[in-house]
Amino acid sequence: MTSRERLLRLFKGEDIDHVPIWLLFPYFPSGSYANVWEIPSYKSIIQKIYECTDTIDRRGFSMGFCYNANPDIHHEHKQIKENDSVISQRITSYKDIQLKSSVTRKEDRTIIEPLVKDVCDLSKILAMPYQQPKPQFQWFFDDQKKFGEHGLMAVDIGDPLGVLHGLCGEMDFVILCYTETQAVINFLDVIAERVMNAYRYLLENNVGDIYWIVGSEFAGPPMLPPKFFDSLVVRYNKPLIDMIHSYGKKAMIHYHGNIGLILKDFAKIGLDAIHTIESPPMGDCTLTQAREEFGKDVILTGNIQIGDLWSKTEEEMEYLVKQTIQEGMKGAFILSTTGGPYAPDIPERVANNYLKIIDIALSCGIYK
């Protein structure tokens, strides 16, 4: 069974030969991860990873500013030196509407001014006339041919909450959600319509095997209390995933952090898979707890902490992988690390632990 066949059958709820192993290594170069093909310390493991594991390769598309492709929206970047400071500015404008962000670097500190600082800035964004993005996608099909049977190609273009979070500073985002909840929802309602248009455009052109959705983690504890999750995430992601399903495609949500208190709300979204369930001490939810809420058909993906590759011995890693597989195989499951290969160089311990994960999974994750 090829990796592509294995993952497709898993997402369809069909029998497979063994637990898929996904170590988040990109098949194509990615700005999110180290260039593993070119770094010597990865060379001892790279062949085995691509021959023996399964890949979900996520690819993005340019969707303009806040899912708006209006060509009259302009972006200017400039750098200014003032006394002991270096100021990097980004100015986004449409006619007389202007938004400005900056990063000021001093000798002793860095000051970040986000693009959106209050609800007035959200109104400015919505006042810019909207034009639906229709990016080129033939390159995706060309890459899919090169990718072949290595796994599945996923579309990765985000969700409404991810747009808002990307516009704000971390604290500004939380304060806006707390103090201007209705204004935030009004903004997200408009963005959500644009998001739906963007997804529909790709779906109508049969782009992608699955849709990888990022953004919901910004509304989870401890950033925001559980009461916000329904109005900021479920409200938008459920209709989005319903539409994805209507085109015969599958949806996988990425969520880092504490999920235990919002499992019931999360289950309402109707997702097909989730990456990653983080058990204590890093998170607050075991695979077993997630399984009880999501059921056996939702694909739980996890949950080997990327830091464990650096800290654990091979014997400890073997025990961890065996325990994780035993717990995960009680339903649909992908054995996965919580993060990808970010380091520009890895020590021998990390390389050996990657190989240990593969060896143990291939011997203990067989479906009989």
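How many aromatic pairs does a search of the whole structure find? The search finds 21, where rings of Phe, Tyr and Trp (its six-membered ring) pair if their centres lie within 6.5 Å. The notes below start with the basis of the values.

1. Basis. This is a predicted model, in which local features need pLDDT of at least 70, side-chain atom pairs count only at pLDDT 80 or more, and totals for chains, interfaces and linings use all residues. Residues are numbered from 1 along each chain as its sequence is written, and side-chain values use heavy atoms, with hydrogens and water left out.

2. Stacked pair. W37 and Y50 are stacked, with 4.6 Å centre to centre and 15° between the planes; planes under 30 degrees apart count as stacked, over 60 as edge-to-face and the rest as tilted. W37 lies in the loop between strand 1 (21-22) and helix 2 (43-52), and Y50 lies in helix 2, so the pair ties together parts 13 residues apart in sequence. Helices (H or I, at least four residues) and strands (E, at least two) are DSSP runs, numbered from the N terminus. W37 counts as partly exposed at 36% relative accessibility, whereas Y50 counts as buried at 8%. Buried means under 20% relative accessible area, exposed over 50%, and partly exposed in between (1.4 Å probe, protein chains only).

3. Tilted pair. F229 and F266 form a tilted pair, at 5.2 Å centre to centre and 40° between the planes. F229 lies in helix 8 (residues 229-246) and F266 in helix 9 (residues 263-267), so this pair ties together parts 37 residues apart in sequence. F229 is buried at 0% relative accessibility, and F266 is buried at 0%.

4. Ring cluster. F61, F137, W139, F140, F141 and Y201 are linked into a cluster by ring pairs.

5. Surroundings of D156. This residue is found in the loop between strand 7 (151-155) and helix 5 (160-167). At 25% relative accessibility, D156 counts as partly exposed. Leaving aside neighbours within four places in sequence, D156 is in contact (heavy atoms within 4.5 Å) with R58, R59, G60, F61, W212 and V214. Of these residues, R58 lies over the face of W212, at 4.5 Å from the ring centre; the criterion is NZ of Lys or CZ of Arg within 6 Å of the ring centre and within 35 degrees of the ring normal.

6. Nonpolar cores. A nonpolar core is a set of buried Ala, Val, Leu, Ile, Met, Phe, Trp, Tyr and Cys residues joined through side-chain atoms within 4.5 Å. The largest has 107 residues, of which F25, L164, Y199, L232 and F266 touch the most other members. Helix 7 (residues 181-204) gives the most to this core, with 13 residues. Not counting residues up to four places away in sequence, L164 touches L122, F173, C177, V184, F187 and L188. A second, separate core of 17 residues includes L10, Y33, L152 and M252.

7. Four strands form an open antiparallel sheet in the order 3-4-5-6; two strands pair if DSSP finds at least two bridges between them. Strand 3 (74-82) and strand 6 (110-113) stand at the edges with a single partner strand each, so one side of each is left without a neighbour in the sheet. Strand 5 (residues 97-105) pairs with strand 6 over four bridges in the antiparallel sense, and S102 stands opposite E113 in strand 6.
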